[in-house]
Amino acid sequence: MNAPTLILYTSSCLIGALIPGPTSLLAMSNGATRNIRKVAVGMAGTALSDILVIAAVGLGLGAMLMASHELFVVLKWIGVCYLAWLGVQLWRSNPPALNESRIDTRVATGEVFWRSFSVAMTNPKVLLFFTAFLPQFIDPSEPTLPQYAALAVISAGVDVAVMALYATGGGQAAKILTRTGMKRLNRCCGAAMLSLAGFLALYRKA
């Protein structure tokens, strides 16, 4: 795999990652708490999901999902329900303004990790995207395992960088938001999450 191929793949991943999605919204919500540990754990969950999804594509599970309508529908509705549940939770949350109370450093790391990991893993569009996208960058004349490994590392790295950007934005917003502003920020993220759930529910596999 040559350098131009890696650069093209990295640029494509960056463009896709910058488009707001459920993982970036979670990163922004985590960043609004200004808790670095919470942000880092959430990013680790998403990065692991990237690696596992690409590994699944390399093993042929992505093609199986594309071929099986029933499997696609089941996974799609699991994703829809989970995104909708997260959206409702964000909408109903009532966080204090950070200038009114000290930052709570106690973080349920397992819950934060699982939430970010689950959001990425239950989105069939991600798996279908990688199934159609990744093979274009694989050179069949070379061993495929190192190539998939390299692309997985790049994908995870790009996602982590973009999520850090969203988390920084959420942290900067939290510095100036009042209690009402923080509530509105969470409601905006919740409404966006519900919208994404609706789009996923209406999505039809080509």
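Within the protein chain, 91% of the contacts with a separation of 6 or more join residues 24 or more positions apart, a contact being heavy atoms within 4.5 Å. Please keep in mind that this is a predicted model, in which local features need pLDDT of at least 70 and side-chain atom pairs count only at pLDDT 80 or more, while totals for chains, interfaces and linings use all residues. Residues are numbered from 1 along each chain as its sequence is written, and side-chain values use heavy atoms, with hydrogens and water left out.

**The overall fold**

The protein chain has nine helices and zero strands. Helices and strands here are DSSP runs, numbered from the N terminus (helices are H or I with at least four residues, strands are E with at least two). Of the 206 residues in the protein chain, 41% are buried. Buried stands for under 20% relative accessible area, exposed for over 50%, and partly exposed for values in between, using a 1.4 Å probe and protein chains only.

An unreviewed UniProt entry carries the annotation "transmembrane region" for residues 6-27, 39-65, 71-91, 112-133, 145-165 and 185-203. Those UniProt positions are given in the numbering used here, with feature names shortened, and annotations may be inferred rather than shown by experiment. Two of these spans can be described in the model. Residues 6-27 are 86% helix and 0% strand, with the end C-alpha atoms 26 Å apart. Residues 145-165 are 100% helix and 0% strand, and their end C-alpha atoms lie 30 Å apart.

**Pairs across the sequence**

| Pair | Separation along the chain | C-alpha to C-alpha distance |
|---|---|---|
| M43 and F117 | 74 residues | 8.7 Å |
| I15 and V158 | 143 residues | 9.7 Å |
| L134 and Q147 | 13 residues | 9.9 Å |
| W77 and A201 | 124 residues | 6.9 Å |

I15 is found in helix α1, residues 3-18, and is exposed because its relative accessible area is 58%. W77 belongs to helix α5, residues 69-92, and its 39% relative accessibility makes W77 partly exposed.

L134 lies in the loop between α7 (124-133) and α8 (144-176). With 0% relative accessibility, L134 counts as buried. Leaving aside residues up to four places away in sequence, L134 touches Y9, I54, V57, Y148 and L151.

M43 is part of helix α3 and is buried, at 15% relative accessibility. Apart from residues up to four places away in sequence, M43 touches V160, M163 and A164.

Helix α2 spans residues 22-32 and is mostly covered, with nine of its eleven residues buried. Those buried residues are P22, S24, L25, L26, A27, S29, N30, G31 and A32. After α2 comes R34, which has a positive phi near 55°.

A search of the whole structure turns up one cavity of 30 Å³ or more. A cavity is a set of points, on a 1 Å grid over the protein atoms alone, where a 1.4 Å probe fits but cannot get out; lining residues have an atom within 4 Å of a point. The largest cavity holds about 50 Å³ of space, where grid points are joined across faces, edges and corners and the volume is the space filled by probe spheres set on the points.

The lining of the largest cavity consists of T23, L26, A27, N30, V39, G42, M43, T46, S116 and M163. Helices α2 and α3 (36-59) each supply at least two residues of that lining. By type, the lining divides into five nonpolar, five polar and no charged residues. In this count Ala, Val, Leu, Ile, Met, Phe, Trp, Tyr, Cys and Pro are nonpolar, Asp, Glu, Lys and Arg are charged, and the others, Gly among them, are polar.

**Cysteines**

A disulfide is a covalent bond between the sulfur atoms of two cysteines. Counting a disulfide as a pair of cysteine sulfur atoms within 2.5 Å, a search of the whole structure finds zero.

Key
1 Å grid on protein atoms, 1.4 Å probe; cavity = no way out; pocket = protein on both sides within 12 Å on 5 of 7 lines; lining within 4 Å.
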